[in-house]
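Subject: Structure handover

Hello,

Here is the structure I said I would pass on. My notes on it follow below.

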Amino acid sequence: MEGFRHFQPAWDDGFYRLFTKAGAEQWSVGNLPWAEVGAIDPDWRDGMIALLSPLLVSERGAMQACGTMLPQCRERGDADAELVMHAMMLDEARHWEGLNRVFLELKAEPTPLSEWKEMLGVNYLIMRGASFDQWLWGIQICDIMAGHLYATFKASTDSKPIQEMFAGFLRDEKRHHRFCQLFFAREAANFTPEQRARWRVHGRKLVGKFEKMMCGRLADDLRRIGADPHDLAEKMVVSVERQADQYGFIAAVGDARAASAADD
Ligand SMILES: [Fe+2]
Ligand SMILES: [Fe+2]
């Protein structure tokens, strides 16, 4: 048939091990013990409503990003990554479902989307990425942030289903993280020095936006659930910087935090 090509997978072992793990670790939000939510502290509830609202945007964005990136994987003939990304899309859909379920259980409405221009800015910064690699880097940064946030949320409550849900999110995000590491271990060697520098700055811009939100409008809500906003923001910055170093994304000339400020 004209135009049809069969792509033989490269069978990069790491990707298949990861896909096996993704299959074995599937779980359902609906199967968590929601009858055992228990007593909810009103202050914690207020904090969580404010903190989870932008994450609704973020998880839905992740779901959408997978959908946008999948045809790109196929175009590149990267069948190994394509396979893993299908599992990732299901994970992101589950995260969105889970957060919506928490709002339902807390009998709460998310903060209106119009109040979350910052999050839409973050989504824009990811999706305007000039290439598959840049998107994936943006997504990995969001996964790093999400990992720190979900670990904080998990530790902040005794509610069994909510704890279990965040534990499930963390398992999923760990796999996404691994996927990015496998991908960049393979690809980053081919990046030009300009690309490396650009990726570094892109990462810092993205982290800067999160940092600003957490130490700004979300600071009180983080304190409501017993977290220290500056500590948490610092952890995120350090994790992203460490990951960028590992990939050899070399810092560009000039202070990237200044670049981040200039971008706002
Ligand atoms: Fe997610
Ligand atoms: Fe993710």
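Lys107 sits in the loop between helix 3 and helix 4 (117-127); helices here are DSSP runs of H or I with at least four residues, strands are runs of E with at least two, and both are numbered from the N terminus. Its phi is near 50 degrees, a positive value in a residue other than glycine. Lys107 counts as exposed because it has 8 C-beta neighbours inside 10 Å. On this scale a residue is buried if 20 or more other C-beta atoms lie within 10 Å of its own, exposed if 12 or fewer, and partly exposed in between, with C-beta atoms placed from the backbone.

Before the rest, two notes on conventions. This is a predicted model, in which local features need pLDDT of at least 70 and side-chain atom pairs count only at pLDDT 80 or more, while totals for chains, interfaces and linings use all residues. Residues are numbered from 1 along each chain as its sequence is written, and chains are lettered from A and ligands numbered from 1 in the order in which they are written.

The whole protein

The protein has ten helices and zero strands. Along its principal axes, the C-alpha trace spans about 60 × 45 × 30 Å. Of the 264 residues, 38% are buried. Among contacts between residues at least 6 apart in sequence, 81% join residues at least 24 apart, where a contact means that the C-beta atoms, placed from the backbone, lie within 7 Å.

Helix pairs

Two packed helices are described by the angle between their axes and the distance between the axes. The axes are lines fitted to C-alpha atoms, for helices over the stretch in contact, and the angles run from 0 to 180 degrees between N-to-C directions.

Helix 5 (residues 132-155) packs with helix 6 (residues 160-187) at an angle of about 150 degrees, and their axes are 9 Å apart. That makes the two roughly antiparallel; angles under 35 degrees count as roughly parallel, over 145 as roughly antiparallel, 65 to 115 as roughly perpendicular and the rest as oblique. Their crossing is left-handed, meaning that the near helix is turned anticlockwise from the far one by less than a right angle (clockwise would be right-handed). Residues on the helix 5 side of the contact include Leu136, Tyr150 and Phe153, and those on the helix 6 side include Phe166, Leu170 and His176. The residues of this contact divide into eleven nonpolar, five polar and five charged. For these classes, Ala, Val, Leu, Ile, Met, Phe, Trp, Tyr, Cys and Pro count as nonpolar, Asp, Glu, Lys and Arg as charged, and the others, Gly among them, as polar.

Helix 5 also packs with helix 2 (residues 42-76), at an angle of about 150 degrees and with the axes 11 Å apart. Helix 2 and helix 5 are therefore roughly antiparallel, and the crossing is left-handed. Ser58, Ala62, Ala65, Met69, Gln72 and Arg76 in helix 2 meet Phe132, Trp135, Ile139, Cys142 and Ala146 in helix 5. This contact has eight nonpolar, two polar and one charged residues.

Helix 7 (residues 193-215) and helix 9 (residues 229-247) have an angle of about 170 degrees and axes 9 Å apart, and are therefore roughly antiparallel. Among the residues that meet are Val207 and Phe210 in helix 7 and Leu232 and Met236 in helix 9. By class, the contact of helix 7 with helix 9 has eleven nonpolar, two polar and two charged residues.

Single residues

Val122 is in helix 4 and is buried, with 24 other C-beta atoms within 10 Å. Not counting residues up to four places away in sequence, Val122 touches Leu206 and Lys209. Val122 and Glu211 are 89 residues apart in sequence, and their C-alpha atoms are 12 Å apart.

Ala39 lies in the loop between helix 1 (13-24) and helix 2. Ala39 is exposed, with 7 other C-beta atoms within 10 Å. Ala39 and Ser159 are 120 residues apart in sequence and 7.8 Å apart in space, C-alpha to C-alpha.

Arg101 belongs to helix 3 (residues 79-105) and counts as partly exposed, with 17 C-beta neighbours inside 10 Å.

Regards

Note on methods
Contact = placed C-beta atoms within 7 Å.
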